[in-house]
Amino acid sequence: MSPDGEGTPMDTIPDPGTVGPDVAPATAFAPAARWGPWRTGLAILRRDLFVTGREFPIFLAQVILQPLFLLFVFGKVLTDLGYARPGYQEVLFPGLVALAAVLTGLQSTALPLVIEFSYSNEIEDRLLAPLPVGGVAVEKVVFAAMRGFVAAVVMFPIGVWILGSIPWQASTGVAVVMMMVLGSMLGAAMGLILGTYVPPHRINVTFALVLTPLIFTGCSQYPWPSLGHLRWFQVVAALNPLTYVSEGLRGLMVPYVPHIATWACFLVGVIYLVVLMAVGMYGFNRRALS
Amino acid sequence: MSTAPRQTAAGAPSGPGVEPSDRGTAVEVRDLVKRYPKAPVDSLAGVSFDVRRGEVFGFLGPNGAGKSTTIGILTTRIRPTGGRAVVAGVDVVADPVGARRVLGVVPQQNNLDRSLSVRQNLLFHASYHGIPRARRNQLADALLEQFGLADRPEGRPDDFSGGQIQRMMIARALMHAPSVLFLDEPSTGLDPAARLFLWEKVAGLKAAGTTVVITTHDMDEAAELSDRVAIIDHGTVLALDTPERLVRDMHSERTLDCTVEAGPTGDARSLGLALAGLVGVRAVDQLDDPAGTGWRFRIDVDGEAAPFVAPVATLVADAGARLTDVRLGEPNLEDVFIHLTGRALR
């Protein structure tokens with residue numbers, strides 16, 4: 001058999017005479033009695049973790065590069081050159097953590113879904129697994145959120161490395177983690193919508209049209225209250241789910257910088273998550289079943 | 001040509017070729033209707049049939065006839081507009097999750113997991129279905145061996161040929177030991193050797209007791225593999241029986257295909273009329289002659305065709321022409337199909 005798979009048929013096909021009636025077990029194999037759809041969902045999650053784990057360095061490079069440059073140019077270069085005020089790093093860092101969580105979550109659902117639903121059909125084997133179709137969508141979102149969370153966590157050592165120190169208060173640690181999880185889920189839910197509603201030939205243009213405004217209206221590079229004199233932009237920013245993650249983390253990590261109240265960030269974030277998931281699940285079901 | 005429905009006892013426990021049995025029903029389909037939004041006509045307009053346990057059931061029809069829609073509903077990927085479908089005792093609409101446990105699907109297009117090796121494709125599929133680790137390792141090794149894939153278990157699907165991909169997908173579908181296996185156009189794009197291998201495998205599955213439902217637009221495949229065949233067109237089942245019975249029901253028609261070298265006198269039309277005048281001849285059609293050197297006739301006769309050769313030769317000679325070729329034709333599934341639908345399959 002040649003490595004390119006173009007071997008002649010005869011050398012790849014075994015003698016049919018050797019094929020006996022032992023091709024398949026005649027009786028259906030009974031899986032463990034307690035096997036439920038949620039365990040199928042976990043098995044699918046295990047597959048995704050297995051594949052990502054195998055190429056973990058590539059995954060890290062993918063998610064680190066953009067925030068690393070943003071952090072370096074805005075947080076280090078511009079402040080060292082005197083174009084940004086010294087305290088700007090502390091405003092920027094929580095926003096970039098939020099950006100990493102949301103963007104990575106989004107890209108981790110949107111792109112694979114577009115490919116798996118159209119070119120590769122790979123998702124079919126999972127849609128034919130014994131769990132509700134919506135379970136496959138939930139698994140996608142959970143897995144993408146895990147990637148988003150890892151990307152956000154990785155920002156902390158990078159921040160220490162580039163900025164020398166990062167704002168961190170032990171007392172708000174748990175809330176910070178919760179906000180990072182919420183941000184990752186929000187990104188993944190947005191990706192679910194993009195991945196199921198956008199036709200494959202439109203995904204490039206959609207990414208350009210969606211990602212750029214998302215990145216720059218999400219208050220990751222500036223605090224929302226400071227936009228008071230730019231009212232229309234403040235309103236636009238208030239529509240972006242990323243804004244609440246940026247502001248939430250800012251409030252928890254640098255409470256002395258003006259920010260949207262943390263409870264409001266959590267509340268709006270959760271409402272957004274419910275709405276985005278509902279829309280995304282509807283789109284997923286529409287694509288998965290006809 | 002008649003296009004009248006000729007639904008011969010869909011699901012009735014009769015018919016030669018399949019032993020009358022009480023082994024039960026593997027697939028039960030009743031009045032299945034599928035109407036896609038904005039479509040002018042129903043994709044399925046009330047399809048009913050039964051597949052018996054342990055049989056190979058062929059689903060034969062041209063593209064767009066409703067085969068894939070029916071299989072899509074049975075495999076829980078398409079929701080019917082109306083009707084009922086039960087696979088291995090599980091209602092696919094009411095309990096799609098339960099149905100997915102008992103059915104296996106080999107799709108027309110490669111949907112293998114390209115991030116995983118061949119062996120991992122099998123193993124992860126089994127894990128989705130709750131097969132314990134030791135058991136799935138053992139099963140994967142056995143199936144890789146049986147499907148001739150054991151020498152490259154760590155290769156990625158992209159590095160394999162079409163026939164090998166097909167075998168991988170069948171092996172994967174068998175990992176959870178489905179009661180009913182659906183094969184959608186399995187031999188499309190396969191070379192003859194790979195096709196033969198596939199046919200052997202299907203025979204092996206049947207011997208092992210797995211019910212197999214195959215869709216195809218290939219007459220030979222349907223006749224070779226299937227215990228019974230359903231002919232479907234325009235979303236309805238036109239006929240359902242064993243291939244032998246379907247063919248026999250063609251009023252025992254036989255055909256003679258004659259090629260005639262034209263003589264200096266006479267014309268094809270008057271010769272055709274003379275042939276049609278023979279006792280026992282049902283119809284005479286003049287066919288196109290691609291070579292353009294003579295005339296070709298297809299003569300439909302009652303009973304055996306051989307006794308007609310001599311009188312036909314005499315008539316041809318009387319017309320001053322010369323008979324250069326005669327072929328005696330038995331009706332096959334394709335003739336049945338054309339008879340039922342008024343159009344050729346491809």
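Domain bounds here come from an automatic or database domain assignment. The structure shown is a predicted model.

**View 1. The two domains of chain B.** Chain B comprises domain 1, residues 25-248, and domain 2, residues 253-330. A distance of 44 Å separates the C-alpha centres of domain 1 of chain B and domain 2 of chain B.

**View 2. Helix α5 of chain B, residues 162-174.** With 13 residues at 1.5 Å a residue, α5 of chain B should span 18 Å, and the 19 Å between its end C-alpha atoms agrees with this expectation. The helix is mostly covered, as 12 of its 13 residues are buried. The buried residues of α5(B) include B:Gly163, B:Gln164, B:Ile165, B:Arg167, B:Met168 and B:Met169. Towards the end of the numbering, B:Ile170, B:Ala171, B:Arg172, B:Ala173 and B:Leu174 are also among the buried residues.

**View 3. Helix α2 of chain A, residues 37-54.** The 18 residues of α2 of chain A should span 26 Å at 1.5 Å a residue; the end C-alpha atoms lie 26 Å apart, in agreement.

**View 4. The buried and exposed faces of α2 of chain A.** In α2(A), the residues A:Thr40, A:Gly41, A:Ala43, A:Ile44, A:Arg47 and A:Asp48 are buried. They lie on the same side of α2(A), because they cover an arc of only 160 degrees around the axis. The exposed residues A:Trp38 and A:Gly53 are carried on the face of α2(A) turned away from its buried side.

**View 5. The packing partners of α2 of chain A.** In chain A, the buried residues of α2(A) pack against α5 (123-127) and α6 (133-163). They also pack against α3 (118-128) of chain B.

Notes: Residues numbered from 1 in each chain as written. Chains lettered and ligands numbered in written order. Predicted model: local features only at pLDDT ≥ 70, side-chain atom pairs only at ≥ 80, totals over all residues. Helix = DSSP H or I, 4+ residues; strand = E, 2+ residues; numbered from the N terminus. Expected span 1.5 Å × (residues − 1). Buried ≥ 20, exposed ≤ 12 C-beta atoms within 10 Å, placed from the backbone. Arc of directions from axis to C-beta. Contact = placed C-beta atoms within 7 Å.
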